[in-house]
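Work through the following exercises with the sequence and the model at hand. Each task is followed by a solution in steps.

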Amino acid sequence: MLSRQMALHRLFQLSSLLRSAVSLTLRRNIGLSAVLFNRAKELDPVQKLFLDKIRDYNTKSKTSGGIVDAGPAYQKNLSEEVSKLQRLYGGGDLTKFPDVKFSEPKLDEGAK
């Protein structure tokens, strides 16, 4: 009788371990399936609209070669600001990084 109870107890322990392992596996598989399903599914309308606008802006900026929908007022303001900066900082090309050259300092070796 005692061995039968021990065997039943052992069986219940094994079944609970098996249940937890199966449960964990199912949760992982369902979680992975949900991620894959969401990728395959269409985007929601707001996401789709956002991505469409970004793609549209990208093509417009490539065709215009710069700022999209920049009118003559923008170009005038930009040229005024560039000329103002050239007056303040002594001219030069403001579209490239300045060449900075440092000379090696001359060190005199003193008497030891």
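Glycine 65, whose phi is positive, near 80 degrees, comes after helix H2. The model is a predicted one, in which local features need pLDDT of at least 70, side-chain atom pairs count only at pLDDT 80 or more, and totals for chains, interfaces and linings use all residues. Numbering starts from 1 along each chain as its sequence is written, and side-chain values use heavy atoms, with hydrogens and water left out.

**Exercise 1. Describe the fold and the surface of the protein.**

Step 1. Count the elements: there are 3 helices and 0 strands. Helices (H or I, at least four residues) and strands (E, at least two) are DSSP runs, numbered from the N terminus.
Step 2. Along the sequence, the pattern reads α-α-α.
Step 3. Of the 112 residues, 2% are buried. Buried stands for under 20% relative accessible area, exposed for over 50%, and partly exposed for in between (1.4 Å probe, protein chains only).
Step 4. Accessible areas come from the Shrake-Rupley method with a 1.4 Å probe; for residues, only the protein chains shown count as cover.

**Exercise 2. Follow helix H2 and compare its reach with the expected span.**

Step 1. Helix H2 covers residues 45-64, which is 20 residues.
Step 2. From first C-alpha to last, H2 reaches 28 Å, close to the 28 Å expected at 1.5 Å a residue. The expected span is 1.5 Å times one less than the number of residues.

**Exercise 3. Which residues are linked with Asp52 in a network of salt bridges?**

Step 1. Apply the cut-off: a salt bridge is a side-chain nitrogen of Lys or Arg within 4 Å of a carboxyl oxygen of Asp or Glu. The structure holds 5 of them.
Step 2. Lysine 48 pairs with aspartate 52 at 3.4 Å, N to O. The two are 4 residues apart in helix H2, so about one helical turn separates them.
Step 3. Aspartate 52 also forms a salt bridge with arginine 55, with 3.9 Å between the closest N and O atoms. These residues are 3 apart in H2, again about one helical turn.
Step 4. An α-helix has 3.6 residues a turn, so residues three or four places apart point the same way.
Step 5. The network therefore links Lys48 and Arg55 with Asp52. Lysine 48 is partly exposed at 40%, aspartate 52 is partly exposed at 35%, and arginine 55 is exposed at 51% relative accessibility.

**Exercise 4. Where is aspartate 69 found, and is it buried or exposed?**

Step 1. Aspartate 69 lies in the loop between H2 and H3.
Step 2. Its phi is positive, about 55 degrees, although aspartate 69 is not a glycine. Most residues other than glycine have a negative phi.
Step 3. Aspartate 69 counts as exposed because its relative accessibility is 71%.

**Exercise 5. Locate the nonpolar surface patch that includes Tyr89.**

Step 1. Patches consist of residues with over 30% relative accessible area and no salt bridge; like charges are joined within 9 Å, nonpolar side chains (Val, Leu, Ile, Met, Phe, Trp, Tyr) within 5 Å.
Step 2. This patch is made of Ile67, Tyr74, Leu78, Val82, Leu85, Leu88, Tyr89 and Leu94, with about 770 Å² of accessible area together.
Step 3. Tyrosine 89 belongs to helix H3 (residues 72-89) and is exposed, at 65% relative accessibility.
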